[in-house]
Amino acid sequence: MDYKKAGVDIEAGYKSVELMKEHVKSTMRPEVLGGIGGFSGAFSMAAIKDMEDPVLLSGTDGCGTKVKLAFLMDKHDTIGIDCVAMCVNDVACAGGEPLFFLDYIACGKNIPEKIATIVKGVADGCKLSGCALVGGETAEHPGLMPEDEYDLAGFSVGVCDRKNLITGENIKPGDTLVAIKSSGVHSNGFSLVRKVFDMTKESLDTYYDELGTTLGDALLKPTIIYVKALKAVKDAGVTIKGCSHITGGGFYENIPRMLPDGIRAEVRKDSYEVPALFKLMAKKGNIDEHMMYNTFNMGVGMILAVDPADADKTIEAIKSAGEDAFVIGQTVAGEKGVTLC
């Protein structure tokens, strides 16, 4: 008896590392110390020593049950972008610059080519956010997970000068809410998505005219990384008073997270066109409107609170970074929460 016969292939692990090295190298920043394959990732803090009061920010998350679609479609090159996005967007939401990222892949069986493809997606996400992939772990779990399945999670660390932290504490009645569009469902609500649609290859390969693509491609579209868009707003001289990453819990849970007591958000539903994918899910699943806005991002990935005088400048900056944005509402005096009108 040996480890391989017990279900863990150490040689496959070595091959996975070799195959992913080129992707990891492509994310390197000058601050990264040492090579790939050490017991820990080293990152120099010299670049931030000129900050008045540097604050480290961290975020950890995964892709949830969206990975089920990757299994069914046998498409693994974008799920890593989702994993990075879920972490670095939270860091950027607080005003931070993501510095480095680590990933964790648990799998039933280590198939080196598949693992390398997943890591390529992680590396792509890191490059989109400007952070380095300094380490990770691939754990083979025979008997615990089916051989063709895996789970993916990550962890990011960023930095911000304390004076530039986005806390929401200075939001006042009359501030403008600017929305940045999402690319689709992103990485939240897939437990409900998988109840609405048949999770079969045939169903996912079905083309929908209203989507302009197959169902699977629409659902698997990776989460947008908003780091560059938020940096563009900052570089434009705009003070972001509050920022909400619209993830699990939709509008009702996430928008209040940026609001101080005594401030309520008024969101105008008619300020934009809800993407066809969400309309299709609501109709096919017979999901009421409140549940839709309480589960999904409904086409909005981020909401920023800014001074009304900065609204146009904010939208211009976001568009210059390649994303689409619009005014979605305003803040008013009242009990902390959200009113959709």
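Biologist: How many salt bridges does the rule find across the interface of domain 1 and domain 2?
Modeller: Heads-up, this is a predicted model: local features need pLDDT of at least 70, side-chain atom pairs count only at pLDDT 80 or more, and totals for chains, interfaces and linings use all residues. Residues are numbered from 1 along each chain as its sequence is written, and side-chain values use heavy atoms, leaving out hydrogens and water. A salt bridge needs a side-chain nitrogen of Lys or Arg within 4 Å of a carboxyl oxygen of Asp or Glu. Across this interface, the rule's tally is 0.

Biologist: Which element supplies the largest share of the side of domain 1 that touches domain 2?
Modeller: Helices here are DSSP runs (H or I, at least four residues), numbered from the N terminus. Those giving two or more residues to that side are α2 (67–73), α3 (79–93) and α4 (112–129). The largest share, 10 residues, comes from α3.

Biologist: About how much area do domain 1 and domain 2 bury between them?
Modeller: An automatic or database assignment sets the bounds, giving domain 1 (3–164) and domain 2 (175–340). Buried area is the accessible area (1.4 Å probe) lost when two parts are put together, summed over both. With 70% of it on carbon and sulfur atoms, the total is about 2400 Å².

Biologist: Is Thr214 buried or exposed?
Modeller: Thr214 sits in strand β9 (residues 213–214), a strand being a DSSP run of E, at least two residues long. Buried means under 20% relative accessible area, exposed over 50%, partly exposed in between (1.4 Å probe, protein chains only). Its relative accessibility is 18%, so Thr214 counts as buried.
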